[in-house]
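Student: I would like to go through the labels attached to this model and check each against its definition. Can we take them one at a time?

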Amino acid sequence: DHGYDVATRALDDIKVMDALGIKKAVIVGHSISGDEVSALGADFPDRVEQLVYLDALDFGEHSRLAQPP
C-alpha cells in the first residue's frame, strides 16, 4: 500500500548503488520504470552516467530533465 511511489523507488536504487559501492551507473529502465529512470536522472544527476529507456513508459512527471542540444 505504500513505499512504491517513484521517489521512494529511485531512492531505493541509490541505496543499492551505495551498498554495492557504485558511484555512477548507466541506468536502464523497462516498461513502467520510465518515471523511476527519469527521477534518478533529475534527482541524482551526479550518480547517473546515462539513462536508457527500453520501451519504457514515462508519465512526464519529471520533465525537469535537461534536454540535449
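Tutor: A search of the whole structure finds two salt bridges. The model is predicted, so local features need pLDDT of at least 70 and side-chain atom pairs count only at pLDDT 80 or more, while totals for chains, interfaces and linings use all residues. Residues are numbered from 1 along each chain as its sequence is written, and side-chain values use heavy atoms, with hydrogens and water left out.

Student: What makes R9 and E36 a salt bridge?

Tutor: The term requires a side-chain nitrogen of Lys or Arg within 4 Å of a carboxyl oxygen of Asp or Glu. The closest N and O atoms of R9 and E36 are 2.7 Å apart, so the pair meets the cut-off of 4 Å. R9 sits in helix α1 and E36 in helix α2, 27 residues apart, and the pair links distant parts of the chain. Helices here are DSSP runs of H or I with at least four residues, strands are runs of E with at least two, and both are numbered from the N terminus.

Student: What is the other pair, and which parts does it tie together?

Tutor: R47 forms a salt bridge with D18, with the closest N and O atoms 2.9 Å apart. R47 lies in the loop between α2 and β2 (48–54) and D18 in helix α1, so the pair ties together parts that are 29 residues apart in sequence.

Student: Why is R47 called buried?

Tutor: Buried means under 20% relative accessible area, exposed means over 50%, and partly exposed is in between, with a 1.4 Å probe and protein chains only. R47 has 14% relative accessibility, so R47 counts as buried. D18 has a relative accessible area of 46%, and is therefore partly exposed. In the other pair, R9 and E36 are both buried.

Student: How do you know that α2 is largely enclosed by the rest of the structure?

Tutor: Eight of the ten residues of α2 are buried, which is why the helix is described that way. The buried residues are G34, D35, E36, V37, S38, A39, L40 and G41. They pack against α1, β1 (25–30) and β2. For the protein chain, buried residues make up 32% of the 69 residues.

Student: How is the packing of α1 and α2 described?

Tutor: Two packed helices are described by the angle between their axes and the distance between the axes. For α1 and α2 (residues 34–43), the angle is about 65° and the axes are 9 Å apart. The axes are lines fitted to C-alpha atoms, for helices over the stretch in contact, and angles run from 0 to 180 degrees between N-to-C directions.

Student: Which handedness does the crossing of α1 and α2 have?

Tutor: The crossing is right-handed. A crossing is left-handed if the near helix is turned anticlockwise from the far one by less than a right angle, and right-handed if clockwise.

Student: What makes the phi of S31 worth a remark?

Tutor: Phi of S31 is near 60°, a positive value in a residue other than glycine. Most residues other than glycine have a negative phi. S31 is found in the loop between β1 and α2. With a relative accessible area of 33%, S31 is partly exposed.

Student: Where is A56, and what does A56 touch?

Tutor: A56 is in the segment after β2. A56 is partly exposed, with a relative accessible area of 25%.

Conventions. Contact means heavy atoms within 4.5 Å.
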